[in-house]
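Subject: Structure handover

Hi,

Here is the structure we talked about. My notes follow below it.

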Amino acid sequence: MDADRAIEEYAVQTALPVQRKATRPRADALRNRERIVAAAREMFVEHGPDVPLDEIARRAGVGNATVYRNFPDRDALAREVVCSVMDRTTAAAEAALGATGDAFEALERFVHAAADERIGALCPMVQSTFDRNHPDLEASRLRCEELVVLLMDRAKAAGQLRPDVGLGDLMVAIAQLSRPPAGTPCFRVDEYVHRHLQLFLDGLRAPARSALPGTALTMEDLRRTA
């Protein structure tokens with residue numbers, strides 16, 4: 001009887017599905033994905049959203065099949081690039097908010113860090129290649145905007161940032177000044193981007209030396225004109 005019971009228990013155990021741990025991507029697979037996103041960001045900035053995917057694969061040092069295994073189409077890759085840029089920009093805003101000391105200098109650090117992400121060059125891609133209201137992109141965008149508003153409010157409260165500028169003013173300036181001419185590699189314009197940004201930042205300091213035409217620009221104003 002004991003032997004029969006043991007056989008029955010073994011049969012039940014083997015009939016049950018084996019609980020397997022969810023497999024994690026291999027380290028080399030994660031590195032390949034990161035390389036693809038980094039290469040795509042560079043090439044989208046330099047050549048626009050229509051750059052051939054095989055060129056992106058070549059710059060990333062992977063095969064075409066690896067690109068398509070990670071991203072089934074161009075929209076998926078473009079969305080990943082923009083979301084990764086937004087995430088890094090958000091991290092820069094968080095770091096600036098967490099820093100102690102001069103409020104305007106914290107804002108300056110964020111502006112220069114955001115410019116390094118080339119958000120301006122990616123704006124046309126957001127407008128034309130995929131759903132800009134995709135939940136992933138929307139969540140990243142809203143979080144980033146909230147943090148930058150806090151940075152600006154802190155500098156205004158300290159009497160260092162002129163009160164007649166809004167988030168939209170700041171983001172338009174970063175976008176415009178960080179966009180390299182078409183076909184120009186990013187690294188060749190880095191020096192000039194930060195030079196021109198600093199000129200712009202000096203104009204944001206309070207007290208203002210002139211009155212600005214119009215009213216402070218918000219992100220909602222920009223979206224209504226898109």
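Helix 10, residues 190-204, contributes the most to the lining of the second largest pocket, with 3 residues. Bear in mind that this is a predicted model.

The pocket first. The second largest pocket holds about 180 Å³ of space. Its lining includes Phe-200, Gly-203 and Leu-204. Also among the lining residues are Arg-162, Asp-164, Val-165 and Asp-169. Leu-212, Pro-213, Gly-214, Thr-215 and Ala-216 line the pocket too. By class, that lining counts 6 nonpolar, 3 polar and 3 charged residues.

Next, helix 5. This helix covers residues 74-98. It has 25 residues and spans 36 Å from first C-alpha to last, close to the 36 Å expected at 1.5 Å a residue. At its start, a side-chain oxygen of Asp-73 comes within 3.2 Å of the backbone nitrogen of Asp-75.

Two arginines in helix 5 are worth a look. Arg-79 lies in this helix. Its relative accessible area is 22%, so Arg-79 counts as partly exposed.

Which residues does Arg-88 touch, leaving aside neighbours within four places in sequence? The contacts are Arg-41 and Glu-117. Arg-88 and Ala-114 are 26 residues apart in sequence, and their C-alpha atoms are 8.2 Å apart in space.

Best regards

Note on methods. Residues numbered from 1 in each chain as written. Predicted model: local features only at pLDDT ≥ 70, side-chain atom pairs only at ≥ 80, totals over all residues. Heavy atoms only, no water. Helix = DSSP H or I, 4+ residues; strand = E, 2+ residues; numbered from the N terminus. Buried < 20%, exposed > 50% of the residue type's maximum accessible area, 1.4 Å probe, protein only. Expected span 1.5 Å × (residues − 1). Polar contact = N/O pair within 3.5 Å; in protein donor to acceptor, adjacent residues only side chain to side chain. Contact = heavy atoms within 4.5 Å. 1 Å grid on protein atoms, 1.4 Å probe; cavity = no way out; pocket = protein on both sides within 12 Å on 5 of 7 lines; lining within 4 Å. Points joined across faces, edges and corners; volume = space filled by probe spheres on them. Nonpolar A, V, L, I, M, F, W, Y, C, P; charged D, E, K, R; others polar.
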